[in-house]
2 protein chains.
Amino acid sequence: MKNEIKIFSPATVANVACGFDVLGFCLDSVGDEMVIRKIDKKGIYITKIEGGFDLPYETELNVAGVSALAMYDAAKPNCGFEIEINKKIKPGSGIGSSAASAVGSVYGMNELLGRPYSKTQLTEFAIKGEAIASKCEHADNLAPALFGGFTLVKSISPIQILEIPSPDDLYATIIHPQIEVKTSEARAILPKEVSLTNAITQWANFGSLIHALHTSDYDLIQKSLHDVIVEPYRSQLIPHYNEVKTAALNAGALGAGISGSGPSIFTLSKGIESAKKVADSIKNVYSKTGIAFDIHISKINTQGVKKI
Amino acid sequence: MKNEIKIFSPATVANVACGFDVLGFCLDSVGDEMVIRKIDKKGIYITKIEGGFDLPYETELNVAGVSALAMYDAAKPNCGFEIEINKKIKPGSGIGSSAASAVGSVYGMNELLGRPYSKTQLTEFAIKGEAIASKCEHADNLAPALFGGFTLVKSISPIQILEIPSPDDLYATIIHPQIEVKTSEARAILPKEVSLTNAITQWANFGSLIHALHTSDYDLIQKSLHDVIVEPYRSQLIPHYNEVKTAALNAGALGAGISGSGPSIFTLSKGIESAKKVADSIKNVYSKTGIAFDIHISKINTQGVKKI
């Protein structure tokens, strides 16, 4: 058995429009690279962090360290692990930076131990790491990072994750405006109550979206990718949100929404050419704002975290 | 071309648990029988009503007549139609009695005219008939009666109906307690606002249910068939609702809910044997109440309205 594994742990989009709090998908063009190494000395050690972000080396304070510890305590292996993180997903970008770290360590350890755990079990460990970053236990980004494709987190207690099919020609274009949206503010802005009428519209759209993904019906994806509940509130926290969305739709995007709790905005398109046009249109909007930004174009990654 | 057609127009279940207001399914063991006859004299005439219910012969007051008129005005055929109705679905039972009438006349006329209209177009005509019975335009029962199987009414303006696959071994057991639930009361009892938390639970369950129907995952159907929004209110209007539901679940039903706005209660089961056991368990509960009732056991009818 190998003693070292290098992995790619992908960025992900959670809160996919009408699938707020339950639906996510996985990207393939951006993700963290990590090395997990089996060592004789017991324990979990973060030995290298690259990427230029100020992340802690203390295992109990590091997202990848905490999820690794959760698995380590359960598995009780006769060895220890070193973790190296090359952080390529900017923390706070809204595309699952902490989830990628949390997933990478447990995925790598599981491979090195001969896969004693299922992906659902790995999610349980990774949730512990995710919780120290996002202050609550959720699997919205962990699930797509581990399983790939589109995932529906039906419940987290017990953890039940459904793998929803991804149409072959579906691409995401994502803009990350380099501003901070405080998660606490994004949570506080949500209403506690919503109208029954809007709730029905939301689940009609969500059911339609799940059907559309099963049937590769791009037209129906377009008709279903609406969020009448959360977007009206949270979009206020993202500068030029409506302009970006309008530009993307005019350029042919199937739909757009807030990625996670922002500030990133995701769009979905049929085909790489369309996704590139959408990128150009968004770039055109944001170039005029004076706010720094990154744009990612990515096919839906149906594999999830993987060995490289 | 034939001048007369005899049809079976099936009963249906709307408001399927977490799919409140959008998801319905079609039954095959109970439905109206109708004869539609092409005649030289222009106009729509209700010429026979059997079944023992007090339904109007005046075309403009009869559900089947009004939907027929809507189609007749659009098609402007060089003939007229007689409609005979053998009403086998009790009005007010909550299993789509008016929808069956509304669908039957337009389906039959469409067949006799050589199918100029799609099922979606027939839904538009049938909505006019349904509206005089239920005082609002909706397609919750029309869609499954016309298309068969499970249908998701994504929107009614414009009409967009999605056909969701039905697992082969899925059966419904339905009890119709012979009491009246006023639709106005069933509407008035609903809250205008619901908690965001419950709304999220509902769409998680609904998305899961759509996925489960696509994948014939009976276990997931069971885990998804919950309604946290409407059932707590409307179940109060149906005597012994909770006892019926508990008995059905204990007898092996995958789930249970209010059919339409009641008073009928539907349950779903895997296999005919299970559906029969569920019927026995429900019968056992209701036999003790002194309230008259009917019980129907039916495979999911994937065809919908048909020639017989």
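This is a predicted model: local features need pLDDT of at least 70, side-chain atom pairs count only at pLDDT 80 or more; totals for chains, interfaces and linings use all residues.
Local features here need pLDDT of at least 70, side-chain atom pairs count only at pLDDT 80 or more, and totals for chains, interfaces and linings use all residues. Residues are numbered from 1 along each chain as its sequence is written, chains are lettered from A in the order in which they are written, and side-chain values use heavy atoms, with hydrogens and water left out.

**View 1. Chain A and chain B as two copies.**

**View 2. Helix α2 of chain A against helix α3 of chain A.** Look for residues 97-112 (α2) and 119-134 (α3) of chain A, whose axes come within 8 Å and cross at roughly 145° (axes are lines fitted to C-alpha atoms over the stretch in contact; angles run from 0 to 180 degrees between N-to-C directions; helices are DSSP runs, H or I, of at least four residues). Among the residues in contact are A:Val103 and A:Tyr107 of α2(A), and A:Leu122 and A:Phe125 of α3(A).

**View 3. Domain 1 and domain 2 of chain A.** Domain 1 covers 4-164 and domain 2 covers 170-299, with bounds from an automatic or database domain assignment. Their centres, taken over C-alpha atoms, are separated by 24 Å. Here 28 residues of domain 1 of chain A touch 34 residues of domain 2 of chain A.

Methods:
Copies are superposed by least squares on the C-alpha atoms of residues with pLDDT of at least 70 in both. Helices (H or I, at least four residues) and strands (E, at least two) are DSSP runs, numbered from the N terminus. Contact means heavy atoms within 4.5 Å.
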